[in-house]
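Q: Please take a close look at one aromatic cluster in this structure. Then move on to the ligand contacts.

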Amino acid sequence: MTIALITGANKGIGFETARQLAERGATVLIGARDPHRGRAATEKLAAEGADTRFVQLDVTDAGSIAAAADRIDSEFGRLDILVNNAGIPGRLDGDGAPSSTSPDTLREVFETNVFAPVAVTNAVLPLLRRADAARIVNTSSEVGSMTMAADPAGPLWPMAALTYPTSKTALTMITLMYAKELRDTAIKVNAANPGYCATDFNGNTGFRTAAQGAEPVVHLATLPADGPTGQFWGYRWGAEDGAEYGPLPW
Ligand SMILES: NC(=O)c1ccc[n+]([C@@H]2O[C@H](COP(=O)([O-])OP(=O)(O)OC[C@H]3O[C@@H](n4cnc5c(N)ncnc54)[C@H](OP(=O)(O)O)[C@@H]3O)[C@@H](O)[C@H]2O)c1
């Protein structure tokens, strides 16, 4: 029995990640801050035959994180998969350019996209250590790739927004640091790039589906023992070699 916790699993890529992990036989804990939305998502997947439980989890609330970790401990005694999926695009101050962005706006995005994954990971790390071979996946984004952002010929060159891209750059580096700390354990820690997906996150403008976005997340969450750790991996926007998925530049 594989126990998987997904944060922000009530909709979008998190929901599809939950669905795909359940299809692979995992018991999926639907982390959601809102009980109504969380239970509705849990019941929807249960109606499809999934083994799901709702876990109230606001990733910016220390008490909610501690209560979720306690509950998983008492109910299962361990955790096999953690997907730090919950994220926000954040507000735009003006046009979102660095010179018009306030530190408060930046802090707000970092609370959810950067500080929260650290808080959640640290809270459940003792449970992950009890699993035979736990997997941690941080749902990052190619817009956090410094190499891609700095490429004048690349699709991200026109972007000069401060909040969301920098939060995902931080999350990708956080992934690498955890992977290094845990490299002598069976735990693998990787960052996924879902690609640009049609979800509420972007007013449903993405050119991929949320289910497609969940694929690299699920791949990293179910890596075999000889799989990589400390990688930034997923959908490769504009890749010319025909390979849809692969490692992304930092
Ligand atoms: N969509 C894309 O094109 C894209 C591309 C690359 C990466 N991503 C990343 O993929 C992840 C999922 O995005 P999405 O597109 O699926 O967005 P979404 O449809 O807006 O879903 C975001 C989820 O995060 C939850 N969430 C936000 N703040 C939370 C908090 N404090 N505590 C708990 N849950 C919280 C939301 O819950 P509520 O329903 O309660 O708001 C929702 O369940 C994000 O990390 C995003 O950065 C998305």
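**The aromatic cluster and the ligand**

A: One aromatic cluster is made up of Tyr-196, Phe-207, Tyr-235 and Trp-237. This is a predicted model; local features need pLDDT of at least 70, side-chain atom pairs count only at pLDDT 80 or more, and totals for chains, interfaces and linings use all residues. Residues are numbered from 1 along each chain as its sequence is written, and side-chain values use heavy atoms, with hydrogens and water left out.

The structure holds 7 aromatic pairs. Rings of Phe, Tyr and Trp (its six-membered ring) pair if their centres lie within 6.5 Å; planes under 30 degrees apart are stacked, over 60 edge-to-face, the rest tilted. Tyr-196 and Phe-207 pair edge-to-face, at 5.5 Å centre to centre and 80° between the planes. Both residues lie in the loop between β6 (188–193) and α7 (210–221), so the pair ties together parts 11 residues apart in sequence. Helices (H or I, at least four residues) and strands (E, at least two) are DSSP runs, numbered from the N terminus.

Tyr-196 is partly exposed at 29% relative accessibility. Phe-207 is partly exposed too, at 44%. Buried means under 20% relative accessible area, exposed over 50%, partly exposed in between (1.4 Å probe, protein chains only).

Arg-208 lies over the face of Tyr-235, 3.7 Å from the ring centre. The test: NZ of Lys or CZ of Arg within 6 Å of the ring centre and within 35 degrees of the ring normal.

Now the ligand. Polar contacts are pairs of N or O atoms within 3.5 Å; within protein, one must be able to donate a hydrogen and the other to accept it, and residues adjacent in sequence count only if both atoms are side-chain atoms. A polar backbone atom of Cys-197 lies 2.7 Å from a ligand oxygen atom.
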